[in-house]
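Thanks, everyone. I have one structure to go through today, so please have the sequence and the coordinates open.

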Amino acid sequence: QNQSKREQPKHFVPSPPPQKFNFDSTTPAAQPSPTAMAAISVLNVAEKPSVAKSVAGILSRNQFRTREGRSRYNKIFEFNYSINGQQCHMLMTSVTGHLMELDFDDRFRKWHSCDPTDLYTAPVRKFVPEDKKDIKRSLEEEARRCQWLVLWLDCDREGENIAFEVMEVCRAANSRLTVRRARFSSLIEREIHQSVQNLVAPNQWFSDAVDARQEIDLRIGASFTRFQTMLLRDKFVINYAQDERNLILSYGPCQFPTLGFIVERYWEIQSHEPEEFWTINCTHNSDEGIATFNWTRGHLFDYISVVTLYEMCVEEPTATVTKVQKQERLKHPPFPLSTVELGKRASRYFRMSSEQTMKVAEDLYQSGFISYPRTETDSFSSGTDLRAIVQEQAGHPSWGSYAQRLLDPEAELWRNPGNGGHDDKAHPPIHPTKYSSGESGWSQDHHKVYEFVVRHFLACVSRPAVGAETTVEIDIAGELFCASGRMILAKNYLDVYRFESWGNSMLPTYDQGQQFIPTTLTLDSGITRPPPLLSEADLLGCMDKAGIGTDATMHDHIKKLLDRFYVTKDANTRFSPTNLGEALVMGYDEMGYELWKPNLRSMMEYDMKEVSVGHKSKADVLATSLQQMKACFIDVSCFHLVMFFGDQLLSRFKQFTYSL
């Protein structure tokens, strides 16, 4: 059975997508009528102990019995329940993330056991590591006395892969198990009951996509990591710091392009040559206030040309109003919240790392306060009861009054949320699922993230802010200048979304054809500045745009760069490469290999997405990606390139190790 999973047919024919089970069907494969069946035992497995306890509490109305399993952290909760009329004795337990690991056979696992090139074809196996053996034994024991297995793993690709790991262990102990999948996005009573009454088949495509990614990352990462580390360790004497993590110069197919974004921006800043420019500015004071007019040319780099134009304006300083334009402007609320947007905005508003943001969001999800926090979707389906979500927040002391206004038809504040254009077909956008005015055990970060999720949701179902914008254009000696002002007519969503502002800037009244003498007319200079270092929000945006990583893994790739001392992050959450990080990118770049560019990984991510929807087979994607990277690795590891690589890096590694 396991062998058939790994081997794909030469000509790939997609299997149909998972179907909802109909327990009352009279087809030959269907179960007998529930009324004629005795109670059955059902093993339920969640991804984390806290989720198992929450689901058990919801389904049993907190009337469950707790007992110990083989693993002290993964308890078993027992209760009775009815699934589509079938009486069930439910046994709810959990794993702790992935149950299995993928690695090479033992003879390839030691670094000096083979040439790194051999790792592209070396046998790999999936196995339960020693620290998960107790969980495995517990699942086997419970599976032997159950008829059904219901999988409550997170409803994304990674969760689906864990589901198949659980299936493999349980079916090895009991081959007669009937397997079902519960799909849910939040730990709230309505959704949990609905999901267990509408069980579906596990999605093999999702799991295959994760298997493909794991194998590609293992083979590419191990080969290049061994190459980099052994090359530098063997060729140079490097005085490592005592911290053991500095002994590994790791390469990851997602990690390296992420490093590339940071290094590329750093190089752009370093190569920037400041250039002086000149501009003409004009102000006019009146009884209604001060207007600042900007030169429509912006600025020029030719000093003589600007001086000539400036002198013409000084000689004929009378300003004539050539255009007065008044129009209504809208500032639109944000789209519904996706994982990437949550990470970007938490970094921007709270200076919170993406890793910490996801940790807090996961805590809030497991406690039932927000929906599943790993989602690409930024649009709500038409069947979502948005008003019910708003109603639940109507009693909050801070934003409750705004929620009440949203629900009041006379306030005319409600607007159906916009569509951001992304739908992962697995989860809705992140939104609040339970009211809270602040829990006693929450940290400041928990309060911030929960408040942000609620305010963001209330904003996305609100009307845009409305402003009246006035633009005035004047002519001085043939040169055009422009000033603009804004008066906010209705703040609407800005009343609740305190993270954004749209200030008033009043402009005195002007009429077309009106003339006046400017109060000041100045010739000013400036210097071009380089772009800033990438912030964490910028970096997440780059990764998302290029398709590097997934919404569930982006923060891990960033953390890995920090752990490996490839980059540093300052107090403003901006990243700089270390000498080590820059040296690695420079070495590959000088050899002509753009392994630090996102293109290669973007293609791999696209292929894995194709596997997840059944358009490509796992075997085809593995063969194509690994063949391409093996050829690249062979070129890189050639002797003359190795020597060139070493010469380029020597001076920078000396700088790096000296600083350590």
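Before the sheets, one term: two strands pair if DSSP finds at least two bridges between them. Strand S9, residues 276-286, and strand S10, residues 289-295, are joined by six bridges and run antiparallel. Within that pair, serine 286 sits opposite glycine 289 of S10.

Now the confidence. This is a predicted model. Mean pLDDT for the protein chain is 88, and 89% of the residues reach 70 or more. Residues 1-18 stay under 50, and the model gives them 24 contacts beyond four places in sequence. Residues 20-36 are also below 50, with 27 contacts beyond near neighbours in sequence. Where pLDDT is low, the predicted coordinates should not be read in detail.

Back to the sheet that holds S9 and S10. Seven strands make up this open sheet, in the order S14-S11-S12-S13-S10-S9-S15, with antiparallel pairing. Which strands stand at the edges? They are S14, 515-516, and S15, 520-527; each has a single partner strand, so one side of each has no neighbour in the sheet. Helix H9, residues 303-315, lies across S9, S10, S12, S13 and S15, and runs at about 170 degrees to S15.

Alanine 477 lies in the loop between S12 and S13. Its phi is positive, near 55 degrees, in a residue other than glycine.

S1, residues 40-46, and S4, residues 86-94, run parallel and are joined by seven bridges. Alanine 46 has serine 94 in S4 as its bridge partner.

In soluble globular proteins, nonpolar side chains tend to be buried together. The largest nonpolar core here has 68 residues, and those with the most contacts inside it are Leu59, Met90, Trp152, Phe457 and Leu458. Helix H14 gives the most to this core, with nine residues. Leaving aside neighbours within four places in sequence, phenylalanine 457 is in contact with Phe380, Leu386, Ile389, Val390, His431 and Pro432. A second, separate core has 49 residues, including Phe575, Leu584, Leu622 and Phe633.

Last item: glutamate 412, in the loop between helix H13, 400-407, and helix H14, 444-460. Glutamate 412 has a positive phi of about 50 degrees, although it is not a glycine. Is glutamate 412 buried or exposed? Its relative accessibility is 57%, and the cut-off for exposed is over 50%, so glutamate 412 counts as exposed.

That is my list.

Technical notes:
Residues numbered from 1 in each chain as written. Predicted model: local features only at pLDDT ≥ 70, side-chain atom pairs only at ≥ 80, totals over all residues. Heavy atoms only, no water. pLDDT = per-residue confidence, 0-100. Contact = heavy atoms within 4.5 Å. Helix = DSSP H or I, 4+ residues; strand = E, 2+ residues; numbered from the N terminus. Axes fitted to C-alpha atoms, helices over the stretch in contact; angles between N-to-C directions. Buried < 20%, exposed > 50% of the residue type's maximum accessible area, 1.4 Å probe, protein only. Core = buried A, V, L, I, M, F, W, Y, C linked by side-chain atoms within 4.5 Å.
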